[in-house]
Amino acid sequence: MKLVVFGASGATGRHVVRIAGAAGWSVVAFVRTQAAAMDFAGDHEPMVGNPTELADVTKAVRGADAVAVCLGISRRTRSPFAALVSPPDLTSRSVAAIVQAMHNEHVRRIVYVSAFGAADSWARMPWWGRLFIRISKVRHSMADHTRSEQLLRASGLDWTALRPVLLDDAPSALSAAPMGLDGPRLAKVSREALARTVVHVLRDGATFGQAIGIKG
């Protein structure tokens, strides 16, 4: 299995690269800076580029079996009220380029790390959760995840979107679990557990065309 991880230097993407590599997969770690690429030199295949540029993305997915997208809009700090340091449409513009590149290179499988509250899951959030998102900078991420999911649904690819709620950095030797319609809607999810789920779902054809809420 040759996997391309977009957002490989991020808090979740790093785990995906490591876990997929430990499973014996060939991993292309797509990052935006040469400094980030140095973190993967020797263990995996780093590739520096702009995820919104079709030429860069096409080069990355050429010869791949699957793609994992762990991109997100960055804020100055992890505070939900911190100013954005990346464009508010970074993720959806990247997904648009990735989808086109995958069609060009005949790659079909993609798993996208979204968020609970995107698209149709917005109605399942408690009212105070929706209020918090509306008054914080998280609203930009949620809107962009929604646009990205819409692109995936229209893509014709074998896509899966994973929707965690609250992420933390706790270590985990287990995968995260599907939330279910009556599951806890504000449960924390370890980024490492989420990454294990990404790697597992990449091989699971039963999840094609699904957006799945994720709990710890």
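## Strand β6

β6 is mostly covered, with seven of its seven residues buried; buried means under 20% relative accessible area, exposed over 50%, and partly exposed in between (1.4 Å probe, protein chains only). D158, T160, L162 and P164 point one way from β6, while W159, A161 and R163 point the other way. In a regular strand the side chains alternate between the two faces of the sheet. Helices (H or I, at least four residues) and strands (E, at least two) are DSSP runs, numbered from the N terminus.

β6 is joined to β5 by five bridges in the parallel sense, and Y112 stands opposite A161 of β6. Five bridges also join β6 to β10, again running parallel, with L162 opposite I212 in β10.

## Basis of the model

The model is predicted: local features need pLDDT of at least 70, side-chain atom pairs count only at pLDDT 80 or more, and totals for chains, interfaces and linings use all residues. Residues are numbered from 1 along each chain as its sequence is written, and side-chain values use heavy atoms, with hydrogens and water left out.

## The sheet

Eight strands form an open sheet of mixed pairing, in the order β3-β2-β1-β4-β5-β6-β10-β8. The edge strands, β3 (45–48) and β8 (177–178), each pair on one side only. Two strands count as paired if DSSP finds at least two bridges between them. Strands of a sheet pair through backbone hydrogen bonds, either parallel or antiparallel.

The pairing of β8 with β10 (residues 210–215) is antiparallel and has two bridges. A177 has K215 of β10 as its bridge partner.

## Helices on the sheet

Helix α1 (residues 13–22) lies across β1 (2–6), β2 (26–31) and β4 (66–69), at about 170° to β1. Axes are lines fitted to C-alpha atoms, for helices over the stretch in contact, and angles run from 0 to 180 degrees between N-to-C directions. G13, V16, V17, I19 and A20 of α1 are buried. The buried residues of α1 pack against β1, β2, β4 and α7 (191–202), where contact means heavy atoms within 4.5 Å. Just after α1, G24 has a positive phi of about 90°.

Helix α6 (residues 138–153) lies across β5 (109–113), β6 (158–164) and β10, and runs at about 165° to β5.

## Selected residues

T91 is found in helix α4 (residues 90–105) and is buried, with a relative accessible area of 1%. Beyond its neighbours within four places in sequence, T91 is in contact with L71, G72, I73, Y112, D144 and S148.

H106, in the loop between α4 and β5, has a positive phi near 60° although it is not glycine. H106 is exposed, with a relative accessible area of 70%. A119 lies in the loop between β5 and α5 (127–135); its phi is also positive, near 50°. A119 is partly exposed, with a relative accessible area of 27%.

## The largest pocket

The largest pocket has a volume of about 1400 Å³. Of the 43 residues that line this pocket, I73, R75, S141, L167 and R191 are the closest to its centre. On a 1 Å grid over the protein atoms alone, a pocket is an open set of points where a 1.4 Å probe fits, with protein on both sides within 12 Å along at least five of seven lines; lining residues have an atom within 4 Å of a point. Grid points are joined across faces, edges and corners, and the volume is the space filled by probe spheres set on the points.

β2, α5, α6 and β7 (166–168) each supply at least two residues of the lining. The lining divides into 24 nonpolar, 13 polar and six charged residues. Ala, Val, Leu, Ile, Met, Phe, Trp, Tyr, Cys and Pro count as nonpolar, Asp, Glu, Lys and Arg as charged, and the others, Gly among them, as polar.
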